[in-house]
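I opened my notebook to follow up a few things in this structure. Here is what I looked up.

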Amino acid sequence: MYVAILIRRLKPGKTYDDFIAAWYPEKGFDMPVAGPDLCVNIADEREIAAIAYLDVAERPSLEAVLERVAEQEAKRHTRIDHVIEATSVRGIYEVKDRFDFSTDETVAATVPGRASR
């Protein structure tokens, strides 16, 4: 599994709704995606994070998907560029571990190095 993370800053005068209008794709990515989740920084409403989990088993499959959607993504990112002033983080990361810090029990159950993970 991989996670795509992008953090962008809106141009002055642009709104979250402006961002959504530019950001929303015309068609699906044709792969299992959890999200994307859009998050607004509570200390700076002009900063928006997009986080999506890409349910792809291996890097070659991920690269094939990225190549297949490259043209539609280029068009979408051109629209997004009109409402953002900067992208401070842009990357796809391989998920190595997932933990659950919800309760004392889930923390104890997911201690690194234990067989129960």
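I count a polar contact as a pair of N or O atoms within 3.5 Å; within protein, one must be able to donate a hydrogen and the other to accept it, and residues adjacent in sequence count only if both atoms are side-chain atoms. This is a predicted model, so local features need pLDDT of at least 70 and side-chain atom pairs count only at pLDDT 80 or more, while totals for chains, interfaces and linings use all residues. Residues are numbered from 1 along each chain as its sequence is written, and side-chain values use heavy atoms, with hydrogens and water left out.

**Entry: R8.** I found R8 in strand β1 (residues 2-10); strands are DSSP runs of E, at least two residues, and helices are runs of H or I, at least four, numbered from the N terminus. The R8 side chain makes a polar contact with that of H77, at 3.4 Å. Among the residues in contact with R8 beyond four places in sequence are F19, W23 and E47 (contact: heavy atoms within 4.5 Å).

**Entry: helix α1.** Which residues of α1 (residues 16-23) are buried? I noted F19, A22 and W23 (buried: under 20% relative accessible area, exposed: over 50%, partly exposed in between, with a 1.4 Å probe and protein chains only). They sit on the same side of α1, because their arc around the axis is only 90 degrees, taken from the directions from the helix axis to the C-beta atoms. Exposed D17 and A21 are on the face turned away from the buried side.

**Entry: backbone.** I saw a cis peptide bond from G35 to P36, with omega near 5 degrees. P36 lies in strand β2.
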